[in-house]
Amino acid sequence: MPQNIDDIHAIVVWLHGMGEEPMTMLDVAMTSRLCEMGVGSVALKAPMQHFSRITGEVVDAWFDQEIDHLEVSGGAEVEDAAGRVDDYINFLIKKTGNVRIVVAGFSQGAALALFELVRHPDKFLGALLYSPYKIGDNLFFPRHDFKQRQPTDLVKPRVWIGYGLNDWVIPARWSYSLATELRNSGFSVVTRHYLGGHVPFSGAQEDIRNFLRSLLL
């Protein structure tokens, strides 16, 4: 965090991927030099333990999921995880006096960040999603009617989506599809691709800074 609360222009709430640690997300914030921009960072820790079919280890997770069927990850655990994030976001808004908030996540954390963004667009300035995916029937984007004039106070948050072209866990085509669906629902979306695989925000540090700078203008 910037040392003086008056210098905080926004706070990014980071949600790590399955098997990752909160510090992984804070490393992204530090290497992106967000503090220099007056942007603070908070990384939340996933609440449950999940047996990973990738590593064979028990790892931190936001909700249970089947690696072969990410899109059908389910119901009550997602709602519970989202409720925990909601509670913290509400606390943060109250504590900081309505400071602007950006939600960010990687992989499973990005799926949950997306879930939060669509449910509560009024709470967020924007979103940073790396290797995101949509959580089955729990998330629905209504098609935006571009002919209908939207009030200025209903402008939706801007979304940044990054993905690795060599990601073997979350295919790049999922990001294309997701970006299209979000745009059809009235969100402004920026997409960026990188040469790496399934690595949190790999190569995206400068693009993160540029996106956040554009939000704060």
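Start with the charged side chains: there are 8 salt bridges in total, a salt bridge being a side-chain nitrogen of Lys or Arg within 4 Å of a carboxyl oxygen of Asp or Glu. This is a predicted model, in which local features need pLDDT of at least 70, side-chain atom pairs count only at pLDDT 80 or more, and totals for chains, interfaces and linings use all residues. Residues are numbered from 1 along each chain as its sequence is written, and side-chain values use heavy atoms, with hydrogens and water left out.

**Stop 1: salt bridges**

Select Arg33 and Glu36. They form a salt bridge, with the closest N and O atoms 3.4 Å apart. Colour by accessibility, where buried means under 20% relative accessible area, exposed over 50% and partly exposed in between (1.4 Å probe, protein chains only). Glu36 is exposed at 61%. Arg33 is partly exposed at 35%.

Go on to Lys45 and Asp60. Their side chains meet in a salt bridge at 2.5 Å, N to O. Lys45 lies in the loop between strand 2 (39-44) and strand 3 (48-51), and Asp60 in strand 4 (residues 58-61), so this pair ties together parts 15 residues apart in sequence. Helices (H or I, at least four residues) and strands (E, at least two) are DSSP runs, numbered from the N terminus. Lys45 is partly exposed, with a relative accessible area of 48%. Asp60 is buried at 12%.

Now select Asp86 and Arg119. Here the closest N and O atoms of the salt bridge are 2.9 Å apart. Arg119 sits in helix 3 (residues 108-119) and Asp86 in helix 2 (residues 75-96), so the bridge ties together parts 33 residues apart in sequence. Arg119 is partly exposed at 32%, while Asp86 is buried at 10%. Glu79, Asp86, Glu116 and Arg119 are linked in a network of salt bridges.

**Stop 2: two serines with positive phi**

Which loop holds Ser107? Ser107 is placed between strand 5 (100-106) and helix 3. Its phi is near 55 degrees, a positive value in a residue other than glycine. Ser107 is buried, at 9% relative accessibility.

Jump to Ser131. This serine lies in the loop between strand 6 (126-130) and strand 7 (158-164). Phi of Ser131 is near 55 degrees, again positive in a non-glycine residue. Ser131 is buried, with a relative accessible area of 1%.

**Stop 3**

Show the cartoon. An open sheet of 6 strands has the order 2-1-5-6-7-8, with parallel pairing; two strands pair if DSSP finds at least two bridges between them. Which strands stand at the edges? Strand 2 and strand 8 (188-194) do; each has a single partner strand, so one side of each is left without a neighbour in the sheet. The twist averages 15 degrees from one strand to the next. For this and other angles, axes are lines fitted to C-alpha atoms, for helices over the stretch in contact, and angles run from 0 to 180 degrees between N-to-C directions.

Zoom in on strands 7 and 8. They run parallel, joined by 7 bridges. Arg158 stands opposite Ser188 in strand 8.

**Stop 4: helices across the sheet**

Select helix 1 (residues 22-31). It lies across strand 1 (10-15), strand 2 and strand 5, at about 165 degrees to strand 2. Contact here means heavy atoms within 4.5 Å.

Then select helix 5 (residues 205-216). Helix 5 lies across strands 1, 2, 5, 6, 7 and 8, running at about 175 degrees to strand 7.

**Stop 5: aromatic rings**

Finish with the rings. There are 10 aromatic pairs; rings of Phe, Tyr and Trp (its six-membered ring) pair if their centres lie within 6.5 Å, and planes under 30 degrees apart count as stacked, over 60 as edge-to-face and the rest as tilted.

Select Tyr130 and Tyr194. Their centres are 5.9 Å apart and their planes at 25 degrees, so the pair is stacked. Tyr130 is in strand 6 and Tyr194 in strand 8, 64 residues apart. Both are buried.

Next, Trp160 and Phe201. This pair is also stacked, with 6.1 Å centre to centre and 15 degrees between the planes. Trp160 is in strand 7, and Phe201 is in the loop between strand 8 and helix 5, 41 residues apart. Trp160 is buried at 1%; Phe201 is buried at 0%.

Trp14, Phe106, Tyr130, Trp160, Tyr194 and Phe201 are linked by ring pairs into a cluster.
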